Every structure is written in structure tokens, then in C-alpha cells.
Amino acid sequence: MQSFSYYCPISIEQRPIYEYVKLKNSFLLSWPTLASIKYFKKLFTTAVIFFLINIPFINSFNISAYDLINFTLTNFIFVFFELIFLNLYVLLNWFYVKDRLFNATVVYEESSWYDGKTWIKPPIILKQERLIAYYQIAPILIRLKKIIQFLILLIIINLLVLFIF
């Protein structure tokens, strides 16, 4: 990262490659970079925590805890919505960094948020950052989109089952 300081007038915190590294090292946003089993374990643990947190909230809808099927299905619907919003948050962050890495220009701020400037990346930096965008971030985006689609499918199935009972 230091080798770019000769070419780049942008502060280190605003550079797309730094944003990528920061995203990759963050707690929640780095989950999609994990191996599939570890990632699904984290999603399952999060789903269980959401399920337990939702119990008092679902009780407030006057869905009797004695009607266990409706209570559980309603809770699962809420859990799946929460997981969709969580994955959308992660997806949007990764998409933003991919877009910054892929673009040939970088808009940055020097001293205040009113003096936005544009820097054109040299071809060597552009090539390196586009490789990162294609081979590191694109598979993450595909994985997140599939997870969101699967969660939407689970919501539809739960709604159908809920209306049957």
C-alpha cells in the first residue's frame, strides 16, 4: 500500500484498496470471506440469537405460545427478514468497495467535504484493483445474492405453511 503514495494524492483512509482491507478485516463484513461452513455457522448462530430475541416481540402479537406451529413459523419469518437485512447491509458495503476498486477515477476530499477532487488511477494501479474486484469481491457478491434469494424463498415457504395452518 505504501508504494501507491508516490502516485496517489489521496489520504490512505480514502484509498479504495485500504477500504477493501478495512472491510475484509471488520467483524461482521468479513463473514462472506470465510469458508462456507464457517460462514453458515455464523449465520445459523445469528439466526438462533434473532429467534430468541424475537420471542417477546412475537408474544406481543397475541400469537399464543400454545399454538406452537404458528408461533414458530411467525418467528422464523421475522428471523429470515432480519437475516435478509443483515445480508443486504453486507452486500451494499461490498458492492460499494467493488465499485470504488473498479472505477478508473477516485473522488476524494482533501480537507473538507466541499472540496471534492477526482484522481485518475495510473494503469498499473487500475489493473491491480480491478483484479481484486473481479477475483476477490465478485464471488462474495454472488454468494450474498444467493443467500438473500434463498432467504426470500424460505419466507415464501413459511408464509404458505402459515396460511395452511
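**A guided tour of the helix packing and aromatic pairs**

Helices α1 and α3 are roughly antiparallel to each other, because angles over 145 degrees count as such and theirs is about 155 degrees. The model on display is predicted.

**First stop: α1 against α3**

Select residues 16-25, which form helix α1, and then α3; their axes lie 9 Å apart. The two helices cross in a left-handed sense. On the α1 side, display Pro-16, Ile-17, Glu-19, Tyr-20, Leu-23 and Lys-24; on the α3 side, display Asn-93, Trp-94, Tyr-96, Val-97, Arg-100 and Leu-101, which they meet. This contact of α1 with α3 comprises eight nonpolar, one polar and three charged residues.

**Second stop: aromatic pairs**

The next selection concerns rings. How many aromatic pairs does a search of the whole structure find? The search finds seven. Select Tyr-20 and Trp-94: their ring centres are 6.2 Å apart and their planes stand at 70 degrees, so this pair is edge-to-face.

Select next Phe-102 and Tyr-134. The centres of their rings are 5.6 Å apart and the planes lie at 80 degrees, so this pair is edge-to-face. Here too distant parts of the chain are linked: Phe-102 is in helix α3 and Tyr-134 in helix α4 (residues 123-164), 32 residues apart. Phe-102 counts as partly exposed, at 27% relative accessibility. Tyr-134 also counts as partly exposed, at 47%.

To complete this stop, select Phe-51, Phe-76 and Phe-80, which ring pairs link into a cluster.

Select helix α2 (residues 36-59) together with helix α3 (residues 68-102). These helices pack at an angle of about 125 degrees, and their axes are 8 Å apart. That angle makes α2 oblique to α3. The crossing of α2 past α3 is right-handed. Which residues of α2 meet α3? They are Tyr-39, Leu-43, Thr-46, Ala-47, Phe-50, Phe-51, Asn-54, Ile-55, Phe-57, Ile-58 and Asn-59. Their partners in α3 include Phe-71, Phe-76, Val-79, Glu-82 and Leu-86. Coloured by class, the contact of α2 with α3 shows 14 nonpolar, seven polar and one charged residues.

Five of the residues in the contact of α2 with α4 are nonpolar, one is polar and one is charged.

**Last stop: Thr-105**

Finally, select Thr-105, which is placed in strand β1 (residues 105-109). Thr-105 is partly exposed, with a relative accessible area of 35%. Apart from neighbours within four places in sequence, the contacts of Thr-105 are Thr-118, Trp-119 and Ile-120. How many residues separate Thr-105 from Lys-41 in sequence? They are 64 residues apart in sequence, and 38 Å apart in space from C-alpha to C-alpha.

Technical notes: Residues numbered from 1 in each chain as written. Predicted model: local features only at pLDDT ≥ 70, side-chain atom pairs only at ≥ 80, totals over all residues. Heavy atoms only, no water. Axes fitted to C-alpha atoms, helices over the stretch in contact; angles between N-to-C directions. Helix = DSSP H or I, 4+ residues; strand = E, 2+ residues; numbered from the N terminus. Parallel < 35°, antiparallel > 145°, perpendicular 65-115°, else oblique. Left-handed = near helix turned anticlockwise from the far one by under 90°. Contact = heavy atoms within 4.5 Å. Nonpolar A, V, L, I, M, F, W, Y, C, P; charged D, E, K, R; others polar. Buried < 20%, exposed > 50% of the residue type's maximum accessible area, 1.4 Å probe, protein only. Phe/Tyr/Trp six-rings, centres within 6.5 Å; stacked < 30°, edge-to-face > 60°.
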